[in-house]
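Welcome! Take a moment to turn the model around on your screen, and then let us walk through it together.

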Amino acid sequence: MKVKNFVAAGAVTIIASGAWAECAFENSIPLNSLTADFDAFKAVAASMAECGNFEAELDRDYRFKQPAAFAANPSLYHIGGVSNSPFVPLYDQGTIRPLDDLVAIYGQHLSPNQLIKLDGEIWAIAMMVNVQHLMYRKDILDDLGIAVPTTYDEVLDAAAKIQAAGVVDYPLGGTYMSGWNLAQEFVNIFVGEGGEFFGEGHEPSVNNETGIATLVMMKRLTKFMDPEFLVSDSTYVQKQFQQGKIAIANLWQSRAAAMNNAEDSQVVGMVGMASAPMGAVRPASTIWWDGIVIAKNISDEEADAAFRVALEGLDTETVVAHNDAAVWLIDGFVAGEAAAGAAATAANGAVPYPAGKAMGLMHTALGNIVSDYLTGATSAADTLANVEAAYIAAADEHGLL
């Protein structure tokens, strides 16, 4: 079998036309998937491709494409890679299917924490957990006598010293791209400070002291980043690290393995992992799970084959071959250096991302409006008032208030 990889419009596609011996069965039904584009999903997609007749599309914009693609009839994809938040619109729209019957036939080996349930039914199979944790240049901090930061105030102090030393282009990196990424950075710090997004009846609760303090901290951090921070997503920050342009970032654990990829990285062995900076209450990070769902608008025969192929990607062989690509929930995982920061973040009290329809609307409002404060267009209080107004309009439309 030939496996082809090519890059087009920011997406990586893996195509398999036949079956490899590593797969437990030979798949005869044409299947495809749409997932995120990071190392763990690349490993899973490659394992699924071994079964044959499978095409995997890995795209960093997958979450924006999935709702319409899965709503089509028939669905444009059989398998979807999701995490806490992108899962919600698929579930709310009824475009994915419950998996209890397939789990009963093929998934008896799955652990309980892999079975993502709502209202008593299984809707997704989790393969890993992911958090944003502190990644830092060990050599730079050691040379400058800087202790590993444990709070964002300490991050700012370290950034000032690194900037004065002139050893990198920018002391800090941040996933501040306008939209989803920027909103997630607000969520991280706000949750770390003990903020609650809603009061009774889904009423918004971000225009307060905690919300203002969150915006102020975000703006202080941007002073040490690439001035183009509003176009900086996870891939952007990963490449900054790999190219030796930054020294510290609160980045997704799923990006950790890329630091030691000798083909792309100039900082192999130089990047350490630690807990996300502590807020007043907990780490400035939220726990996410990543896993797979199966489309509803496909035939039962396709769903059966898709689930079996997906499980081939989520098996022990994949984990053993790519142990450091994720904090896997699959048998065979051994926590290593790349997972140390994620483990510390979880141990320090990080909580799951507060997914749900209301949070999805709040996340969108934050992603669209927070940049106004960072660019100086509005004050912190006015920015948050605009966030709440945008959320209320959307929540009213969806009948949440």
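## Two helices that cross

A helix crossing is called left-handed if the near helix is turned anticlockwise from the far one by less than a right angle, and right-handed if it is turned clockwise. Keep that in mind for this predicted model, where the crossing of α8 and α13 is right-handed. Helix α8 covers residues 209-222 and helix α13 covers residues 357-374; their axes come within 10 Å and cross at roughly 65 degrees.

Which residues meet here? From α8 come Leu215, Val216, Met218 and Lys219, and from α13 come Val370, Tyr373 and Leu374. Six residues of this contact are nonpolar, one is charged and none is polar.

## Thr222 in helix α8

Staying in helix α8, we find Thr222. Is Thr222 buried or exposed? Its relative accessibility is 7%, and buried means under 20%, so Thr222 counts as buried.

The Thr222 side chain reaches the backbone oxygen of Lys219 at 2.7 Å. Setting aside neighbours within four places in sequence, Thr222 is in contact with Tyr176 and Phe229.

## The whole protein

Now zoom out. The secondary structure comes to 14 helices and 14 strands, and the C-alpha trace spans about 60 × 50 × 35 Å along its principal axes. For 401 residues, a compact globule would have a radius of gyration near 21 Å, and the protein agrees with its 21 Å.

Of the 401 residues, 55% are buried. Among contacts with a separation of 6 or more, 72% are between residues 24 or more positions apart.

## Helix α3 and what follows

Helix α3 spans residues 84-92, and its buried residues include Asn84, Ser85, Pro86, Phe87, Val88 and Leu90. After α3 comes Gly94, with a positive phi near 70 degrees.

## Backbone details in the loops

Most residues other than glycine have a negative phi, and most peptide bonds are trans. With that in mind, look at the cis peptide bond that joins Asn73 and Pro74, where omega is about 5 degrees. Pro74 is found in the loop between α2 (62-71) and β5 (79-83).

Two other loops hold residues with positive phi. Asn53, in the loop between α1 (39-49) and β4 (54-59), has a phi near 50 degrees and is partly exposed, with a relative accessible area of 28%. Asp119 lies in the loop between β6 (115-118) and β7 (121-130); its phi is positive, about 50 degrees, although it is not a glycine. At 73% relative accessibility, Asp119 counts as exposed.

Technical notes. Residues numbered from 1 in each chain as written. Predicted model: local features only at pLDDT ≥ 70, side-chain atom pairs only at ≥ 80, totals over all residues. Heavy atoms only, no water. Axes fitted to C-alpha atoms, helices over the stretch in contact; angles between N-to-C directions. Helix = DSSP H or I, 4+ residues; strand = E, 2+ residues; numbered from the N terminus. Contact = heavy atoms within 4.5 Å. Nonpolar A, V, L, I, M, F, W, Y, C, P; charged D, E, K, R; others polar. Buried < 20%, exposed > 50% of the residue type's maximum accessible area, 1.4 Å probe, protein only. Polar contact = N/O pair within 3.5 Å; in protein donor to acceptor, adjacent residues only side chain to side chain. Rg over C-alpha atoms; globule rule 2.2 N^0.38 Å.
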